[in-house]
Amino acid sequence: MKKLQKILIAVMLCVLSIMPVHADNTEWVKDDAGVLTQEEMDALNSQIQTIADTSKVGIYIRLKPDMEGSASIEDYAETIYAGEDLGIGNDHDGLLLVMSFDQRDYDLAAYGSRANDIFTDHAKDQIEDEMLAYFRQDDWYDGLDAMLSETEYQLQMYSPQSEQNAGSRSAGFSGFDLFLLFGVPPLLALLIVWAIAS
């Protein structure tokens, strides 16, 4: 009996070790360019946390002095997103605003299938229109606040019906989900029978 218990514990540990774990990055705002006060950063972080809690989409702001050698602002945004492991959930859903102050350039990019469904080119254009009116006057905080307000609006306008359609397109289950559902139970049963027989 003790041998069987040890086998079952070992199997459970193996199953748990192969399950994907994604710790969501909640460092919403990073101001390496030094254009925001701590109070402004706290207010933006609080606003983003509320949006992320309800939408399950991460909203990230990275204010940088320069692009650190990247060829384009788009490449730089991708490097940051991957390097900092941004996004929520296994699909890393998120929206990232990167601003490079030396180049006076920015990129607003969506990552993950759900975030890309929500933040279409049209939706991003509307977000940019709201924030750029302030950025042209070097009013960074109010521009970011306007960006978040429009982002929240776009999330609220996203139709649950379109989300259901997106789920049906992907058949609702990933390959790993199907493996856990149909592969692991027979394997566990086989191991238990083998343990009892031996």
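Student: At what angle do helix α5 and helix α6 pack, and how far apart are their axes?
Tutor: Helix α5 (residues 121–135) and helix α6 (residues 140–157) pack at about 160°, with axes 7 Å apart. Axes here are lines fitted to C-alpha atoms, for helices over the stretch in contact, and angles run from 0 to 180 degrees between N-to-C directions. Helices (H or I, at least four residues) and strands (E, at least two) are DSSP runs, numbered from the N terminus. Bear in mind that this is a predicted model: local features need pLDDT of at least 70, side-chain atom pairs count only at pLDDT 80 or more, and totals for chains, interfaces and linings use all residues. Residues are numbered from 1 along each chain as its sequence is written, and side-chain values use heavy atoms, leaving out hydrogens and water.

Student: Which residues of α5 make the contact?
Tutor: Ala123, Gln126, Ile127, Glu130, Met131, Tyr134 and Phe135. On the α6 side, the residues include Trp140, Leu144 and Met147. Contact means heavy atoms within 4.5 Å.

Student: What does Leu144 touch, apart from its sequence neighbours?
Tutor: Leaving aside neighbours within four places in sequence, Leu144 is in contact with Leu36, Leu44, Ile61, Leu63, Leu97 and Phe135. Leu144 is also listed among the residues with the most contacts inside the largest nonpolar core, alongside Ile59, Leu96, Phe119 and Met147.

Student: How many residues does that core have?
Tutor: It has 44. A nonpolar core is a set of buried Ala, Val, Leu, Ile, Met, Phe, Trp, Tyr and Cys residues joined through side-chain atoms within 4.5 Å, and buried means under 20% relative accessible area (1.4 Å probe, protein chains only). Among the elements that each supply at least two residues are α2, β2, α5 and α6.

Student: New topic: Tyr76. Where is it, and is it buried or exposed?
Tutor: Tyr76 is in helix α3, and Tyr76 is buried, with a relative accessible area of 2%. Not counting residues up to four places away in sequence, Tyr76 touches Lys64, Asp66, Met67, Glu68, Ser70 and Val98.

Student: And Gln47, what's its relative accessibility?
Tutor: Gln47, in helix α2, is at 19%, so it counts as buried. Beyond residues up to four places away, Gln47 touches Asp145, Leu148 and Ser149.

Student: How many helices and strands does the chain have?
Tutor: Eight helices and four strands, and buried residues make up 37% of the 198 residues.

Methods: Buried < 20%, exposed > 50% of the residue type's maximum accessible area, 1.4 Å probe, protein only.
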